Amino acid sequence: MDEKNRKRAPGREESEGSRVARRPVKKKKKMTAFGVLLYLTFVIGVSAILATLGWIWANDIFALNKEPHSAVVTLPEEIFTTKEVKTEREDGSGTEVKKVSYADMDYVVDLLKKEGIIEHKLIFRLYAAVSNADQKLTPGTYELDTDMDYRAIVINMGLRSSSRMTVKVTIPEGYTMKQIFELLEEKRVSTVEKLSSQAANYDYRFSFLENIPLGDPKRLEGYLFPDTYEFYLGEDPKTILNKMLVNFDNRLTEELRADIEKRGLTIHDIVVIASMIEKETDGEDQKKIASVIFNRLNSDKTGGKLEIDATIQYALPERKEKLSLEDLKIDSPYNTYLYPGLPAGPIANPGMAAIRGAVYPEKSKNFWYILGDDKVHHFFSSYDSFIQYKNSLN
């Protein structure tokens, strides 16, 4: 190629004698001793701050050097929501849908901070997010302390917590369902509203409940067996009621079930009768009162009317010391003065003595009984004798 037509390469000298212009190179300034000292001071200061914060956060996370302190915290059911989540089956055969409960961690973190169990809400939130803590908590009341690290705090607010607070509750024989629910609310086990809703709407799989329709809490009346129970504070109402129903089911032995069937009665019949016995007496007269009930049910003399005051009391909004004549006329399926046969259902939750009294009544010809001034029941086979004794009472 001709030298004249050759393109100049960028940056090539224009002619041999020409001088290439170059930018002056800036010389780096040397850092002064003061600058070095200032920089080192800044680095060391930032490092110290971060180290201090790290130590403070570590103290909270791992419960190091914290002041001893304990608190009782309650996680109410209202802060939990249930979602359906697809998960892999353990055997690897595919996926399945499971219901997972999630806690409102904003509520939990604020509560733990307020009660002095944690110091740094942000750090606990980060830990909770990483560890899926919102899926590990359970409604209930727990006793926590500052010796617990973050992991222990979460574990101790879970289903298998050893810190979950319990209470022993004794349910007396003859308590109505309403009285039982009020007692459980008083003991902070659950609330009347939650227990009533559970009783009305949950289909417990017990044979003795098969023919009792859902929709009314009274469907469990008579089957909440009186006993001493240990409950968690804030326990699931489904579990609470199930404990009492399981107890009833266990107490009703195969022998008792067979003897009830031999008599041509159902378990429900026996529970209804036992509940009346329980409300009429807590003494040794249970089998005698059972005898009167059966005699009246099967006699033309009484027209099958039981005329038991306790059934009227159950129908009234509030219990009265003494029933009036107007009370005896109340139009209710529990009014055994007005309607023959058994009342609409049990009127209390009977204990085993009353149940056995209903299954094995005393044989007698008595149709009436009355509580005397001596606080003893007196029994009569003759109506005239009954009236004569009744008129003699003060």
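Colleague: How many bridges join strand β2 to strand β3?

Modeller: Happy to start there, and bear in mind that this is a predicted model. Strand β2 covers residues 80-88 and strand β3 covers residues 95-103, and the two run antiparallel. One example of their pairing is F80, whose bridge partner in β3 is A103. The number of bridges joining β2 to β3 is nine.

Colleague: Which residue in the hairpin of β2 and β3 takes a positive phi?

Modeller: Look at the turn of that hairpin, which has six residues between the strands. The phi in question is near 75°. The residue that takes this value is G92.

Colleague: Moving on to the helices, are α9 and α12 parallel or oblique to each other?

Modeller: Helix α9 is residues 267-280 and helix α12 is residues 352-359, and their axes lie 8 Å apart. They pack at an angle of about 120°, and their crossing is right-handed. Angles of 65 to 115 degrees would count as roughly perpendicular and those over 145 as roughly antiparallel. The two helices are therefore oblique.

Colleague: How many nonpolar residues does the contact of α9 with α12 have?

Modeller: From α9 come I270, I273, A274, I277 and E278, which meet A354, I355, G357, A358 and V359 in α12. By class, this contact has one polar residue and one charged residue. The nonpolar residues number eight.

Colleague: Which residues of α12 does helix α8 meet?

Modeller: Helix α8, residues 254-262, has an axis that comes within 10 Å of the α12 axis and crosses at roughly 35°. On the α8 side, the contact uses L256, D259 and I260. By class, the contact has four nonpolar, no polar and two charged residues. The α12 residues that α8 meets are M352, R356 and V359.

Colleague: And how many charged residues are in the contact of α2 with α3?

Modeller: Helix α2 (residues 105-114) and helix α3 (residues 121-131) pack at an angle of about 140°, with axes 10 Å apart, which makes α2 oblique to α3. The crossing is right-handed. The α2 side brings M105, D106, V109, D110, L112 and K113, while α3 brings K121, F124, R125 and A128. By class there are five nonpolar and no polar residues, and the charged ones number five.

Colleague: Why does the pair of F208 and Y223 tie together parts that are apart in sequence, and how many residues apart are they?

Modeller: A search of the whole structure finds 17 aromatic pairs. In the pair of F208 and Y223, the centres are 5.1 Å apart and the planes are at 15°, so the pair counts as stacked, the cut-off being under 30 degrees. Both residues lie in the loop between α6 (192-201) and β6 (228-232), so the pair ties together parts whose separation in sequence is 15 residues.

Colleague: Where is R188, with its positive phi, found?

Modeller: Most residues other than glycine have a negative phi. R188 has a positive phi near 65°. R188 is found in the loop between α5 (177-186) and α6.

Colleague: What is the phi of K375?

Modeller: To find K375, go to the loop between β7 (368-371) and β8 (377-380). K375 is a residue other than glycine, and its phi is positive. The value is near 65°.

How values were computed:
Residues are numbered from 1 along each chain as its sequence is written. This is a predicted model: local features need pLDDT of at least 70, side-chain atom pairs count only at pLDDT 80 or more; totals for chains, interfaces and linings use all residues. Side-chain values use heavy atoms; hydrogens and water are left out. Two strands pair if DSSP finds at least two bridges between them. Helices (H or I, at least four residues) and strands (E, at least two) are DSSP runs, numbered from the N terminus. Axes are lines fitted to C-alpha atoms, for helices over the stretch in contact, and angles run from 0 to 180 degrees between N-to-C directions. Angles under 35 degrees count as roughly parallel, over 145 as roughly antiparallel, 65 to 115 as roughly perpendicular and the rest as oblique. A crossing is left-handed if the near helix is turned anticlockwise from the far one by less than a right angle, and right-handed if clockwise. Contact means heavy atoms within 4.5 Å. Ala, Val, Leu, Ile, Met, Phe, Trp, Tyr, Cys and Pro count as nonpolar, Asp, Glu, Lys and Arg as charged, and the others, Gly among them, as polar. Rings of Phe, Tyr and Trp (its six-membered ring) pair if their centres lie within 6.5 Å; planes under 30 degrees apart count as stacked, over 60 as edge-to-face and the rest as tilted.
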